[in-house]
Amino acid sequence: MTTGRRLLTAADFAPLTRAALGPTRTLTAVTRLAGGSKKGVYRLTLDDRSTVIAYVWSADEDYWDAGPSDPRDPFSHGTGLDLFTAAHDRLTAAGVRTPRLLYADPDRTHLPARSAIVEDLRGDSLEEALARDPRAARLPLRRLAEALDRMHACASPAGFDKVALVDNGGSSHGTTCEARVTEGALRSIEEIAAREPRAAAAREALVEEIHKLAAEVRPRARHRLIHGELGPDHVLLTPDGRPALIDIEGLMYFDVEQEHVFLQLRFGRHYDVLRAPGLDEARLRLYRLSMHLGLVAGPLRLLDGDFPRPGPMRAIAESNLVHALELVGR
């Protein structure tokens with residue numbers, strides 16, 4: 001953490017721990033885990049050496065400074081206890097593993113922020129397993145493919161947007177998934193062009209390409225359940241080697257092509273195990289360029305603040321800018 005953002009301590013978490021796990025449990029250590037940019041993720045160690053994870057949603061734990069979130073925009077700032085519990089319940093109903101929710105405090109009774117306690121899966125992430133032994137990691141990859149099949153078989157009850165909205169009878173104010181992606185891509189181009197000379201020089205070509213790709217997409221009515229940002233770092237492995245999805249607040253009903261573009265980007269050469277038949281190639285082309293643009297604009301925006309690990313974010317922005325420019329021959 002950087003100056004001005006206070007780490008929560010064992011004293012802060014003691015009331016939440018007692019409420020979640022009982023008055024006889026004693027909290028002996030608190031560690032903030034790296035990686036969270038929208039919420040605080042803390043490992044709580046108890047007197048019997050067991051551990052749980054605490055999620056904390058507050059302005060002090062959110063580096064994006066995104067302001068008010070529009071619930072009718074599927075790509076609005078995806079953070080908050082309500083989004084988490086809705087996603088947890090939907091995944092559980094679909095038979096997809098995620099760390100079990102043990103306790104939720106929506107009323108800020110035990111902390112000055114909404115919070116939750118979930119089980120701590122202490123095994124590797126899938127990212128770590130792939131780096132250590134790619135051959136052995138093929139089994140959890142195949143199990144992840146099976147989990148994705150179950151997710152993607154879940155149709156939206158009405159429209160597209162985050163699960164928390166749609167499952168409660170709401171829907172996006174957008175007209176179609178591809179229209180929302182196109183609008184987001186055009187906004188990203190303007191944002192990047194204002195910050196990066198290479199993007200400014202290619203602005204016209206990028207805008208033209210987005211409009212061209214959008215015109216090739218044919219209408220579609222069905223929307224499926226997707227994670228939205230499923231990289232191997234967002235998959236933990238249970239003790240028996242089964243995948244459990246984390247960072248689930250952005251769970252939404254959308255086009256599965258959005259999921260697969262992100263999977264291919266993040267899993268690289270391992271994506272072949274996750275590949276699915278029947279994807280719409282026109283949507284893949286549009287969503288691929290849009291995603292590269294978003295993965296430039298987002299990190300550059302984050303770096304305007306006090307995010308404590310700027311190096312990886314700069315690398316993400318640079319890599320995706322290069323890919324986006326290559327797609328328009330620059």
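Glu 209 is found in helix H8, which spans residues 203–215. Helices (H or I, at least four residues) and strands (E, at least two) are DSSP runs, numbered from the N terminus. The model is predicted: local features need pLDDT of at least 70, side-chain atom pairs count only at pLDDT 80 or more, and totals for chains, interfaces and linings use all residues. Residues are numbered from 1 along each chain as its sequence is written, and side-chain values use heavy atoms, with hydrogens and water left out.

Glu 209 is buried but has no salt bridge. Buried means under 20% relative accessible area, exposed over 50%, and partly exposed in between (1.4 Å probe, protein chains only). A salt bridge is a side-chain nitrogen of Lys or Arg within 4 Å of a carboxyl oxygen of Asp or Glu. The nearest side chain of opposite charge to Glu 209 is Lys 212, 4.0 Å away. For charge, Lys and Arg count as positive and Asp and Glu as negative; His and the chain ends are not counted. Glu 209 touches Leu 289, Leu 327 and Val 328, leaving aside residues up to four places away in sequence. Contact means heavy atoms within 4.5 Å. Lys 212 itself forms a salt bridge with Glu 216, with the closest N and O atoms 3.8 Å apart. Lys 212 is partly exposed, at a relative accessible area of 43%. Glu 216 is partly exposed as well, at 30%.

An open sheet is formed by 5 strands in the order S1-S2-S3-S5-S4, with antiparallel pairing. Two strands pair if DSSP finds at least two bridges between them. Strand S1 (27–32) and strand S4 (101–105) stand at the edges; each has a single partner strand, so one side of each is left without a neighbour in the sheet. Neighbouring strands of this sheet are turned by 20° against each other on average, direction ignored. Axes are lines fitted to C-alpha atoms, for helices over the stretch in contact, and angles run from 0 to 180 degrees between N-to-C directions. Strand S3 (residues 51–57) and strand S5 (residues 114–119) run antiparallel and are joined by 6 bridges. Val 56 has Ser 115 as its bridge partner in S5.

Two helices pack on the sheet. Helix H1 (residues 10–21) touches S1, strand S2 (40–46), S3, S4 and S5, and its direction makes about 115° with that of S1. Helix H2 (residues 81–93) touches S3, S4 and S5, and its direction makes about 150° with that of S4. His 88 lies in helix H2. This histidine is buried, with a relative accessible area of 10%. Beyond residues up to four places away in sequence, His 88 touches Thr 98, Pro 99, Arg 100, Leu 101 and Ile 248.

The structure holds 29 salt bridges. One of them joins Lys 39 to Asp 247, with the closest N and O atoms 3.1 Å apart. This pair links distant parts of the chain, 208 residues apart: Lys 39 is in the loop between S1 and S2, and Asp 247 is in the loop between strand S9 (243–245) and strand S10 (252–254). Lys 39 is buried, at 5% relative accessible area. Asp 247 is partly exposed, at 32%. The phi angle of Asp 247 is near 50°, a positive value in a residue other than glycine.

Arg 266 and Glu 127 also meet in a salt bridge (3.7 Å, N to O). Arg 266 lies in helix H9 (residues 256–267) and Glu 127 in helix H3 (residues 126–132), so the pair ties together parts that are 139 residues apart in sequence. Arg 266 is partly exposed, at 28% relative accessible area. Glu 127 is partly exposed, at 36%. A network of salt bridges links Glu 178, Arg 220, Asp 255, Glu 257, Asp 280 and Arg 283.

Arg 108 has a phi near 60°, a positive value in a residue other than glycine. Arg 108 is placed in the loop between S4 and S5. This arginine counts as partly exposed, at 42% relative accessibility.

The structure holds 0 disulfides. A disulfide is a pair of cysteine sulfur atoms within 2.5 Å. Cys 154 is in no disulfide; its nearest cysteine sulfur, that of Cys 177, is 16 Å away. Cys 154 is buried, with a relative accessible area of 13%. Cys 177 counts as buried at 1%.
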